[in-house]
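This report goes through a few features of one structure, from a single residue up to the contact between chains. Please keep the sequence and the model in view while reading.

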Amino acid sequence: MDWGYINARIRGMKSRLLDHRTLDNLILQPDMDSLIAELEKTAYREDLIEAKGKYTGVTAVEYALRNNFVRTFRKVLDFSKEKEARLYISIFLHRWDVQNIKTILRGKNIHVTNEEIVDCLVPVGELDEATLTELVRQPDVKAVIDLLATWDIRWARPLTTAFPEFAKSGDLGMLECALDRFYYNDALQAVSAKGADNAKIRQVLSLEVDVVNIKTILRMVRDRIAPEDAQKFLLEGGQALDEKMIARVLVLPTIAEAAAMLSTTWYPTLHPTRYRFLATIPEDVLRAQKISVIEKQLERHLVREGVDSFLGDPLSVASLIGYFWAKYNEITNIRIISRCKTADFPVENLREELVYV
Amino acid sequence: MVGWEVPIGAAIAFSFGAIGTGWAQSRIGAAGAGAIAEKPETAGTIIILEAIPETLVILGFVVASMIILMVK
């Protein structure tokens, strides 16, 4: 496959991502209006102008960011004509389908208004805006799953299978876990053939599975969930954690011990893993069982590993993966800045919240 | 008297240069089209980059000419 064209376009788009200086400049803006004015000098101008016609303040920024994200990845999909490239892109975009379905199910489960649900959707995947809007119109969780099944949309399969358990327990986590498991299994299956590009995608997906599993394990340790129930919540396809390791971590009494164990390997000798940063998390955070801090570190690790793909072979899927993570990270950073500006968060602390790549 | 090996040698010199140029230009062309689509201001540089492999076919042509003219 010839990656030359796609790679050149991706690198051209990457050059328009915000650099450190621009991000610092956004941080230093005194209020929301000046932040929007500053953002209008960047590639977000078009989206912000459209958003300001409908909303104001932080809502306008969020709307613009969402539109920009959707537009950007629709564009990437449009200029990638080859079947293989489209497969890789759709693997990344399908996670937004999963995310959108989870958002709708969560909204329906806690009876949020349709407008609020629609505002949280990012129609960048296979499910377009019209499909998602129709799903949002359904009265409850069951009706959403039934409609997905009627339209023969792939995400209906795991939901239909997991629904009886949800109906019994009322725990939406069952449906969400089933969706995640289906997504990762499906994606890993799609790239199971030989080849450097498939191997790269498998590596990225495995890393994500590991991160999701580590988060789940830490929560299970905190909430003292029985190790026998682990298989219900953990995903398959990771590389860092095998069954023995998971069993060892789950019986530990505290998060601090679990984090320490996850940061080293046991065989053949104790040495740091790629999650060695878990051992550097301050003791007071671990003692207070603040999982959100650990989760943030894991997210940062995922973003950094993803963006580092830019250093890989330019004539491969690597630059595409790098751009996906870089764009995702940029939008997350701008969202953090805009939210913090609304809440008058101190500038010094705001820098720590961002991920610079 | 010139044998069959002279035109064959010239043909090899020219054709491999032409094939190499074609391959290189196709790769540069694809990447260049992508670069111009995102950043039209790079068009001048891309045209120069696209022309660089031409030297290869010119070299092949010169070698082929030399074979024909100088081998007697």
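In which helix of chain B is B:Thr45 found?

## One residue in chain B

The model is predicted. B:Thr45 belongs to helix H2 of chain B, which covers residues 43-51. This residue counts as partly exposed because it has 13 C-beta neighbours inside 10 Å, and a residue is exposed at 12 or fewer and buried at 20 or more.

B:Gly32 is 13 residues away from B:Thr45 along the chain, and their C-alpha atoms are separated by 9.1 Å.

## Nonpolar cores

In soluble globular proteins, nonpolar side chains tend to be buried together. The largest nonpolar core here has 58 residues. A:Leu159, A:Leu175 and A:Leu320 have the most contacts inside this core. Leaving aside neighbours within four places in sequence, A:Leu320 is in contact with A:Ile6, A:Ile10, A:Tyr88 and A:Ile89.

Another core lies apart from the largest one and has 18 residues, including A:Ile217, A:Ala258, A:Leu262 and A:Leu286.

## Two packed helices

In chain A, helix H12 (residues 196-222) packs with helix H14 (residues 243-250) at an angle of about 30 degrees, and their axes are 10 Å apart. H12(A) is therefore roughly parallel to H14(A), since angles under 35 degrees count as such.

On the H12(A) side, A:Ile217, A:Met220 and A:Val221 meet A:Ile246, A:Val249 and A:Leu250 of H14(A). By class, this contact has six nonpolar residues, no polar ones and no charged ones.

## Contact between chains

Nine residues of chain A are in contact with nine residues of chain B. On the chain A side, four of these residues are nonpolar, three are polar and two are charged.

Notes:
Residues numbered from 1 in each chain as written. Chains lettered and ligands numbered in written order. Predicted model: local features only at pLDDT ≥ 70, side-chain atom pairs only at ≥ 80, totals over all residues. Contact = placed C-beta atoms within 7 Å. Nonpolar A, V, L, I, M, F, W, Y, C, P; charged D, E, K, R; others polar. Core = buried A, V, L, I, M, F, W, Y, C linked by C-beta atoms within 7 Å. Axes fitted to C-alpha atoms, helices over the stretch in contact; angles between N-to-C directions. Helix = DSSP H or I, 4+ residues; strand = E, 2+ residues; numbered from the N terminus. Parallel < 35°, antiparallel > 145°, perpendicular 65-115°, else oblique.
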